[in-house]
Amino acid sequence: MDLVIEIASWGLILTGSFFIMVGAVGMNRMPDVFTRMHAASVIDTTGAGFLIFGLILQAGFTLVAAKLVFILLLFFFTGPVVSHALAQAALTAGVEPILADDRRPGHQATPDDTAGRAEGVAAEQGEQPA
Amino acid sequence: MMFAAATLAILAALALVVSRAILGPTVFDRALAGNSVGTLAILLLAVVGFLTGRPEWLDIAITYGLLNLIGTLAVLKYFRYGDLAYDDEDGA
Amino acid sequence: MRALILAIAMLGFWLALSGHFTPFLLTLGVLCVIGVAALARRMGLIDAEGVPIELLAPAVTYFPWLFFEILKSAWAVTRIVLSPSLPISPTMTVVRASQRTSAGLSTYANSITLTPGTITVGLRGDELTVHAIVREGADDLEGGGMDARVRRFEGGK
Amino acid sequence: MIELIEGVLLTMLAAVTIAIVRQHNLFGVVILAGVYSFLMASVLIVLDAVDVAMTEASVGAGISTVILLATLYLTGSREDPPAHTPALPLFVATVTGAALIWGTFQLPGFGVAHSPIHDHVAPAYLEASTKHEMPPNVVTAVLADFRGYDTLGETTVIFTAGIGVMLLLRGRRKRQHGSAKEASDT
């Protein structure tokens with residue numbers, strides 16, 4: 001029984017590490033902010049999820065496992081909030097996503113665009129030398 | 001042994017993400033990378049705790065998680081509304 | 001009722017973090033929890049949105065389903081990242097959400113964001129602006145499978 | 001293993017520092033400073049200084065990010081071109097850094113059991129904190145019991161500073177938004 005748990009946690013931790021690496025590589029390969037966010041969410045959900053499940057198996061039924069569960073819940077509830085805020089802020093600031101296909105009706109402006117502010121930020125970004 | 005492997009993976013990922021934070025190019029790339037650095041720091045903390053046989057430090061990982069959220073949201077809220085105290089007086 | 005459940009949840013969280021069970025510390029913890037619950041009540045945070053206890057029971061079946069969805073889409077994104085040609089076709093689309101409550105709506109929006117490959121960018125009324133990394137992701141959401149699943153989760157038909 | 005982790009983290013810290021210096025967009029600086037804090041806190045964790053790591057993360061990554069952003073709101077987010085050559089600041093920084101590094105040669109080695117700090121008050125604290133009814137964590141016991149007045153003074157200073165900052169920012173906001181907004185708020 002112990003051996004089964006040991007092997008399972010090995011598998012989970014290594015899978016988690018794999019997905020973490022994939023997410024990090026993806027963040028460097030993707031062309032713009034929005035596509036990079038997809039890679040980052042692989043780290044936040046799958047990578048962290050597998051890794052923490054593996055650690056929970058190692059910890060057994062203790063307070064440590066409870067804390068790990070809290071961390072996992074924290075990731076799952078705050079991750080989308082941050083991603084959403086990031087995407088919306090980027091769009092509001094006038095960062096145009098690279099799109100192969102735009103199905104927004106009439107390609108309308110972003111919701112409640114605060115135009116003056118957005119121009120200022122966009123201008124700042126233009127000056128950045130990468 | 002497996003913790004060592006996981007630690008190495010997290011360190012490598014951390015290096016990649018930090019390079020993204022340094023390269024940018026936009027502020028939002030940096031903010032995204034900063035948030036991922038926070039996530040990876042939490043995971044590193046958890047794994048190192050197991051690696052050294054003292055996983056009780058996880059409370060601090062939880063604190064990091066909350067701080068990471070606050071920091072990133074502060075940055076993004078600034079861009080969205082141009083002011084940190086935007087809905088302070090609207091009751092939120 | 002909601003305040004009580006919130007207090008129990010907070011007490012559980014506190015106990016898990018503390019790990020000490022001497023009477024003195026336990027008393028302090030209980031007092032703190034009662035204080036915070038009373039404060040939250042006074043601030044008007046305890047309502048169907050702040051403490052959505054109705055969603056606890058459906059969450060038992062919803063979350064495993066969501067985990068499975070996350071796994072599937074994470075694997076899809078992984079294949080994209082690891083393939084040398086980087087076959088992405090980023091797509092922005094508008095999806096209509098049919099949830100009635102704000103908790104259901106935010107569950108839908110956050111579920112979209114949680115599954116790698118799709119991100120909710122904006123929300124106005126019941127229209128979600130979604131960014132997908134490949135066309136197929138946008139097609140899936142426009143098909144409305146997840147929308148229907150979340151509607152069942154929040155207690156609709 | 002631990003040495004490897006430290007080495008990698010410290011290398012990244014150096015890279016982030018250089019990036020901060022070379023960055024001209026001050027938002028980028030704020031975000032990179034947050035990244036720096038998280039890396040620094042990880043280093044401190046690996047060095048077993050858990051309480052310092054907690055402080056570094058909460059002050060560096062949490063509070064100073066917010067405070068720096070509030071400052072940027074008041075000042076603007078572009079770095080001005082430098083008014084004079086960087087020779088003098090560079091000289092001062094180099095001398096200070098060299099003096100600090102020279103100072104570390106006099107310190108006892110890392111983890112030495114019988115360095116002066118471990119021989120004087122620490123044993124007394126350790127003994128007393130197990131004897132009396134005190135917080136289970138010794139560091140907390142030292143901060144909140146043995147040095148209670150000290151900590152009270154510190155928190156008072158920080159609280160006052162926080163209130164001062166809030167009042168300053170608030171006064172500015174009122175003037176900008178005018179009285180119409182205030183009327184609608186009440």
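Predicted model: local features only at pLDDT ≥ 70, side-chain atom pairs only at ≥ 80, totals over all residues.

Biologist: How do you know which parts of chain D carry the lowest and highest confidence?

Modeller: By pLDDT, the predictor's confidence in each residue on a scale from 0 to 100. Chain D has a mean of 80, with 89% of its residues at 70 or more. Within chain D, helix H8 (residues 148–185) is lowest at a mean of 73, and helix H4 (residues 87–104) is highest at 92. Over residues 179–186 of chain D the value stays under 50, and the model has four contacts there beyond four places in sequence.

Biologist: How are two packed helices described?

Modeller: By the angle between their axes and the distance between the axes. In chain C, the axes of H3 (residues 56–82) and H4 (residues 102–114) come within 10 Å and cross at roughly 30°. H3(C) brings Tyr62(C), Leu66(C) and Ile70(C) to the contact, and H4(C) brings Thr107(C), Ser111(C) and Leu114(C). Four of the residues in this contact are nonpolar, two are polar and none is charged.

Biologist: Why is a space called a cavity and not a pocket?

Modeller: Because a 1.4 Å probe fits in a cavity but cannot get out, whereas a pocket is open. By this rule there are nine cavities of 30 Å³ or more. The largest cavity holds about 160 Å³. Its lining has 15 residues, and Gly34(B), Gly71(B), Thr72(B), Ile31(D) and Gly34(D) lie nearest the centre. H2 and H3 of chain B, with H2 and H3 of chain D, each supply at least two lining residues.

Biologist: What makes up the lining of the largest cavity by class?

Modeller: Eight nonpolar and seven polar residues, with no charged ones. Gly counts as polar by this scheme.

Biologist: Which element gives the most to the lining of the second largest cavity?

Modeller: H3(A), with five residues. The space is about 100 Å³, and its lining includes Asp44(A), Phe75(A), Asn35(B) and Asn68(B). By class the lining has five nonpolar, six polar and one charged residues.

Biologist: How many residues line the second largest pocket, and which lie nearest its centre?

Modeller: It is lined by 30 residues, with Asp59(B), Leu17(C), Ser18(C), Asn137(D) and Thr140(D) nearest the centre. Its volume is about 1200 Å³. H7(D) supplies the largest share of the lining, five residues. Among the other elements that each supply at least two are H3 of chain A and H1 of chain C. The lining divides into 19 nonpolar, seven polar and four charged residues.

Technical notes. Residues numbered from 1 in each chain as written. Chains lettered and ligands numbered in written order. Heavy atoms only, no water. 1 Å grid on protein atoms, 1.4 Å probe; cavity = no way out; pocket = protein on both sides within 12 Å on 5 of 7 lines; lining within 4 Å. Points joined across faces, edges and corners; volume = space filled by probe spheres on them. Helix = DSSP H or I, 4+ residues; strand = E, 2+ residues; numbered from the N terminus. Axes fitted to C-alpha atoms, helices over the stretch in contact; angles between N-to-C directions. Contact = heavy atoms within 4.5 Å.
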